[in-house]
Structure formats: C-alpha cells, structure tokens
Amino acid sequence: MEQKSNTGDKMHESTELMANLNILNQCKKDIGMHRKKIDNLEDEIKEREKIIFNSCKHEWHYDETSGCCEKNRYICKTCKLYRNPYFYS
Ligand SMILES: [Zn+2]
C-alpha cells in the first residue's frame, strides 16, 4: 500500500515536471516570436522615418527638453523627427 502511494507521488511529480517544462518551452518560443516581431517593427519604423524625413516640409524648433550636450536640439513640429539626416539615411 505504501509502495503504491510512493509510485503515485512520483508519477504526479513527473507529470508536474513535464507540465512545467512544456510551459517553460512555450514561454521561450513566445519570447522568440515577439523578438522577431519587435525587430520587424523596428525595421518598419526606420523605413517610415526615412520616408517621412525626406517628404515632410519640416518646421524646426528648438527642443528645450534636450540636455546641453546633445547634438540634436532641433525637432520638427510636424513629424517630431530630429534635424539630423544621418539618423534617417
Ligand atoms: Zn518634419
């Protein structure tokens, strides 16, 4: 009787272990998928910024919130991009 109960516990443990392993692997897969999605979205943003930078009739204004050492102190009122073509080339 005691032995039966022990086997039962062990089986329960291994089922729980398998369930946790499955969840762990699914989480890792999900992270990989989302990372890929983020990479794609970042590429998309870069492409759009490039197009916008070259097509907007920028209205530059001095950015009061930027630090004194920052090079890019001008921001367009319309597209909110910085006055730095190197960012968008
Ligand atoms: Zn602009």
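A: The structure is a predicted model, in which local features need pLDDT of at least 70 and side-chain atom pairs count only at pLDDT 80 or more, whereas totals for chains, interfaces and linings use all residues. Residues are numbered from 1 along each chain as its sequence is written. For the protein chain the mean pLDDT is 89, and 85% of the residues reach 70 or more.

The protein chain contains one helix and two strands, where helices (H or I, at least four residues) and strands (E, at least two) are DSSP runs numbered from the N terminus. Along the sequence these elements follow the pattern α-β-β. Confidence is lowest in helix H1 (residues 2-55), with a mean of 91, and highest in E2, with 94.

To describe surroundings, a residue is called buried if 20 or more other C-beta atoms lie within 10 Å of its own, exposed if 12 or fewer, and partly exposed in between, with C-beta atoms placed from the backbone. Of the 89 residues in the protein chain, 3% count as buried.

Now to the segment itself, where Lys80 is placed after E2. Lys80 is exposed because 10 other C-beta atoms lie within 10 Å. In general, most residues other than glycine have a negative phi.

Pro85 is found in the segment after strand E2 (74-76) as well, and Pro85 is exposed because it has 11 other C-beta atoms within 10 Å. Between Pro85 and Asn54 there are 31 residues of separation in sequence, while their C-alpha atoms are 8.9 Å apart in space.

A second pair involves Arg48, which belongs to helix H1. The C-alpha atoms of Arg48 and Tyr88 are separated by 9.2 Å, with the two residues 40 apart along the chain. Arg48 counts as exposed because it has 12 C-beta neighbours inside 10 Å.

For comparison, Arg73 lies in the loop between strand E1 (60-62) and E2. Arg73 is partly exposed because 17 other C-beta atoms lie within 10 Å. Its C-alpha atom is separated by 9.5 Å from that of Trp60, and Arg73 and Trp60 are 13 residues apart along the chain.

Note on methods:
pLDDT is the predictor's confidence in each residue, from 0 to 100.
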